[in-house]
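I set out to record what can be looked up about the chains and their contacts. My entries follow the structure below.

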Amino acid sequence: MTDLVWLVPLLPLIGFIINGLGFGKISKNTAAIIGCGSVFLSLIIVAGIFYEDLGRGGEAVQKTYFTWITAGNLSIDFSLLIDRLSIVMMLIVTGVGLLIHIYSVGYMHNDVGFGKFFAYMNLFMFSMLVLVLGANYVMLFIGWEGVGLCSYLLIGFWYKNREYTAAANKAFIMNRIGDLGFLLGLFLIFKTFGTSDFQRVFSSVQSFSSGDITITLITLFLFIGAMGKSAQIPLFTWLPDAMAGPTPVSALIHAATMVTAGIYMIARSNIMYALAPSTSEFVAVVGALTALMAGFIALTQTDIKKVLAYSTVSQLGYMFVALGLTAYSSAMFHVMTHAFFKALLFLGAGSVIHALSGEQNMRKMGGLRKHLPITFITMAIATLAIVGFPPFAGFFSKDEILTAAYSHSMFLFVILSLTSVLTVLYMFRFFFLTFFGEFRGTKYQIDHIHESPKSMTLPLLILMVLSAVGGGLGIPEALGGKHFLSEYFNHVFGGNTRIQSHEVSHFFEYGLMIISMVLIILIYQFTKQRYDKKVIGKSVEELKMSLWYKLSLNKFYVDELYDKIIVKPLNGMSNFFFNSIEKKVIDGAVNGSGQTVYFLSSMLKSLQSGNIGFYVLMMVIGIVAILFFSLINTITL
Amino acid sequence: MNVVIALTITGILNLFGSIFSYRKITPLLSIIGLTTAIVFNSMYWNTNQSFFNHMMVVDNYAVAFGTVCMVLAACLIIFYNRFMGDNDHHLPEVLSVIVLSVDGAIVMVSYTNLLMLFLGVEILSISFYILAGLKKKDLGSNEAAIKYFLMGAFSTGFLLLGITLIYGATASFDLSVISEYVKLNSTSTNYLLLSGVLLILVGLLFKVAAAPFHFWTPDVYQGAPTIITAFFATVGKIASFGAFYRLFQMCFSPIVNEWSGVIMVVAIITMFIGNITALQQKNLKRMFAYSSIAHAGYMLLALLSHDYLGGNAILFYSIAYGISSMSAFIIIHIIQTQTGTDEAMGFAGLVHKNKTLAMITAISMLSLSGIPLTAGFFGKFYLFSSAIESGYVLLVCLAVINSFIGIYYYFKPVIESYFKDSITDDVIKLKSVETILLIFLSIATILLGIFPGLVPAI
Amino acid sequence: MGNVSLIVLMACGIGFCGLAQLVSKLIAPSSKNLQKLQAYECGVPTIGASWIQFNVGYYLFALIFLVFDVELMFLFPWAVVNKEMGITAFIEIVVFIFILFLGLLYAWKKGALKWM
C-alpha cells in the first residue's frame, strides 16, 4: 500500500477534475458518488499505509517520483514523505474529510452549486494531502497555497451575498500576509541549507548551535505563516468571518484540517524550533494570549457558528502553546481530538441550522433536544469532550498541555487554566441556549423543524464515538494508562534531543483532574441556572436582568457575588476585547496599512499627468540621478 | 540566417497583399511564415552558429527567446483578424509591420555587435510607433503614437550615445572584444566606459519601461488598440529584456559592482511604482500597464545574478509572463468589444456569459500574481532565488512584499467575473480556434506551474 | 605633455576667431537701418504666421527620398569592395536594391507618388 501513496492526493484531484468539468452536466447523485468515493478510496489506501507502517516499526519512507525543479545547484524533487506524523495527519484529513463529505450530501442537497461544491471540496482534499505528504518545504508551500485558495473559494461559495465575498477576501488577504512570512522563511532556508528537503534540512541543522540567529529568523518567518493559516493574534479575525461559508466547509477547513496546517508545519520543523528557544517562547506566548482572548470573545457571541469559530481559535492557541513548550506530540494529540469534537460540533450546529431553515442566532433557538434527539446526544458528547470532562477525548489532550505548561511556566499555566474555565462557560452557554429552555423562534420554524436525514446523522454518530473514545490513545501514566500516541510519535520526535521533559508529579495530575472535574460540574450547574429558563423572545439586556433578579431572589448572596466578580467582568472584558481590540486595533491596523498604500497610490497617480514635457523632464532627472549616483558609488567603491 | 530571411520575406509578401489583392490570405500567410521561422529557429538549438561576419550568433539563449517572441506574435495574429474590424482595409500592412517587428526582436536577442543591437531596437521601436497609432480616427491612439515616438526617439539618443562612448573606450562594437576589454580593465573605474554603460542602461531601461523611464507606458498602453498593447507588453518587453540581459551578462558582468547599485534602486522604485499605482486604476489596460512596469521591476533582479541562473530565470519568467498577459489582454479586448468598457466592471458576471473565458481569466490572473501551481509562481521563484543566490536578500524581501500587493489588483477582474452580476445577459461567443488557443495558453500556464522543468535550461 | 599642446591649440583657435571678429568690427564701415537689421532668410519675407499645416504629401516625398538617399550611401562602400568580393557582392547588392525597389513599388501602387 505504501507504494500507492501517490494515489492518495491524486484520487481527490481526479474527483475535482471530473466534478469541475462536468459541473452542471452530471447529476447530483453522480457528483456525490465521485466526491465521496474518491476520498473514500484515499482513506482505504491511507489505512493500508498505516497498517504497513505499524508492521515496519515506524521508519520514515521517502518516495521520490521525479526531479521537479532544477535551477542551478538547487533541485527540488517531487517526493512524498511517509512517516508517522504525515500518516496521522492523512488519517485525520481523509477520515474526518470523508465523514464531512458524506454529511455534505445531505446538507447541500438543495443547493444549485452542488457539483461545484464537491469539486472545490475535492480540490481542498488534494491540496491538504499534498501539504501533509510533501517531503520538502516547497511542496508544503504549494499545498499551503492550495488550501488557502480553496478556503477562499468555499467561503465565498454563496457569492451572491456581498458580505460573504468580503469575508472571503479578508480571509485571503490575511492568509497572504502570513504567506509572505512563509515565503521569506522558505527563501532563507534555501539560502542557508541549499535545499528544502525536510530530511536534509533537519540533518544539516544539527550543526547549528542553539539560539542561532539564522535559525531564529527562519522559524520566526515560518511562524508568521502559521499565524495567518492557523488564525493566531494578530491575524485571527478572518476565521470568525470565514463562517460565511457552508457549514461543512467550516467543519472541514476552518476547524478540523486547514487551520491545523500551521501546527503541522511547526511540528514538522520541530528540530529547527527546538534550536530556537526564543521563537518557541514567542510561539507559546502568542498561543496563550490568543487562547485567552478568543475564549473571552466567545462568551458573548450569539451566532452559533461564531461561538464555535472563536472556540476554534482558542483551541488552536492551546496547540501553539504546546508547540512552544516543545510538547510536540501533545500538540498533535490535541490536533487529533480537536478534529473529532470540533468537526462534530460544527456538523451538529449545521444540523441545527438545517433544521431551523437557516437560523443561526442562538437566542432564537432553545428546547431543541426534543426535536433533534440525535443531534442533541451527539452535541452533548462533543460539548463534554471539548470542556475536558473525563473520559472524553478533550480531557486527555488538554490535560497533557496543561501539565506541560505547568512544568514550564506558571504564567502560561494560569492563562491556560483560565481559558479552560472560559471554554467550559461558553460551551455550556452554547449548549443550553440551543437545546434547553423553550423554543424562541418563529411559528414557521417550529412547524418545519425536523431531524436531519441519515446522511447527516451518520457522520455525527461516528464522530461522536471518536470524540468519546479518541482520548484513549493518550491516557496519562498517572491513571495507569499507556500513552500510545506519544510512543507512536517517538519515531518522529524522538530524534530531537532538545525536547524538554514535562514530567510532573502524579499528585499534581490527580489534583488537576479533580479540580477540573469539580469546576466543570459547578459551571454546569451555574450555566444551567442561567440559561435553562423558559424565557421567551426577550432582548439580551432584559434576559440578563431578569436572570439577575431571579438569581438574587432564589439563591444566596454567593451566587450574586460570583456573578458580579466573574461573569460581569468577563462579559465586560469580552465585550472590550471584541469591540475595542478586535474591531479597532486589529482591524484598524489592517485597514490602516491598506489606506496608506492607497494614499501613496493616489500620490503616484497624480505624477502621471499626461504632459509629455513633464515626462521627459522626469527622465532627464532620472538620468542625472543615475549618473550622479554611479559617480558617488565608484568613488566610494 | 534563415529565421530573419523567412520573416523578412513574409513581411514583404504581406505588404503586397492589398496591391495584388490577396489580402484575405495574409493572416494565413503570416502564420505560415512565422511557423516556418519557428521551425528554422528550433533547428539552431545547440548549434551555436555565428552569422553575418559575426554580427549575430544563434546560441540557445537566442533560440529560446526568439521562439517565445514568435509564438506570442503568432497567437496575436490569430486574434488580430477578429478584433480590428474597422481597420480591416489595412490588414496586410499591419500584419507586415507586426512580422517585421518580430524580425527586430530576433535581432535584439541574438546580436553580438552593438550596431545590431541598435538596429534591432530601432526595427522593433519604429514598428511599435506605427502600431500604436493604428486607429487613425481615435484621438487616444494618435496620442499614444506621438508620445511613444517622441519619448522613444529621446531615449534612443541615449542608447546611441552610450554605444558611441563604449566604442570610444574599447575601439570596438563587437561584444567579445568589449567583454575582453572590460575583463582586462575591471580593476579600476574607467569613466568613459562606465558612462557608456550607464547611458545604454538608460536606453534599455526605457525600452523595458522601468521607473523613472516608465511614464510613456500607461498612456501608450491605454491609447493603443488593446491587441497591439498585448503585443507591446509581451513581445516588446521580452525582446528588450533579452537584449538587456545578453549585453550586461556577456560584457559588463566584470564591473557589476559599478552598475548593480543603479539596477537595484531602479528595480525597487519600479516595483513599488508599478504595483502601488496599479491599485487605484479603474481602467484595466492602464492597470495592466502598471502591472507590466512592476513585472519589469521583478525581471531586473535577474540582471544582478552573476551566473547562468539569471538567464534561465529571466527566460522562464518571460514565458510565464508572456503567456499570461497575452491571454489577459486578449480577454480584455473580447470584453471591451462586447461591453464597450475597458474597466474592471466590464468583467462583471463573466462566468454567466462564458464559463471558459472566466476560468481563463482566473488562471491568467493567478499566474500573474504568482500563486503556486501556475507558471507565474515558478517565474518569480526562479527570479527571486537567483537574486538570493547572489546575495540580494533585502531586495528579494521587497520584491516578495510587492508581489503580495499585486495580488490585490489582479483579483479585481476575477472577483468581478465570479462574484458579481452581469449588466447584460448576452452570451459571449468565440470562434472555436480562438477558444482552443486561449485554452492552450491556460493549459501551458498550469503545466509550467506543475512541471517547470519543461522549459529547457539554456 | 599631450594636455598642454591641446590647451595651446584651443587657445590659438579661440584667439584666431576672436581676432578676426574684432578686426572686422573695428575696420569695416557700418550703416544701420531697418532693412539691414532684418534676419536673413532665403526667399521672400514671410506673410502671416509661419506655423501652418503642410500637405502631408511633402512628408511622403521626403520619406521616399530618404530611402533612396540611404540606398546610395550603401552603394558607395559597396563599389569600393566590389572588385575584391566578386560575384557575392553583386548578388547581395541586387537583393538589397530589389527590396528597396519593392518599397518603391508599394509606394507607387499606393499612389504616394501622385501629387495631390
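**Entry on conventions.** I note that this is a predicted model, in which local features need pLDDT of at least 70, side-chain atom pairs count only at pLDDT 80 or more, and totals for chains, interfaces and linings use all residues. Residues are numbered from 1 along each chain as its sequence is written, while chains are lettered from A and ligands numbered from 1 in the order in which they are written.

**Entry on confidence.** I looked up pLDDT, the predictor's confidence in each residue, from 0 to 100. Chain B averages 88, and 98% of its residues score at least 70. I took helices as DSSP runs of H or I with at least four residues, numbered from the N terminus. Within chain B, the mean is highest in helix 5 (residues 114-132), at 94, and lowest in helix 14 (residues 350-353), at 82.

**Entry on contacts.** I counted two residues as in contact if their C-beta atoms, placed from the backbone, lie within 7 Å. Two pairs of chains touch, and chains A and B have the most contacts. Chain A and chain C share no contact; their closest C-alpha atoms are 20 Å apart. In chain B, 49 residues are in contact with 45 residues of chain A. Helix 17 of chain B gives the largest share of chain B's side, ten residues.

**Entry on helix 17.** I find that helix 17 of chain B contains 27 residues and spans 38 Å from first C-alpha to last, close to the expected 39 Å, which is 1.5 Å times one less than its number of residues.

Note on methods
Helices (H or I, at least four residues) and strands (E, at least two) are DSSP runs, numbered from the N terminus.
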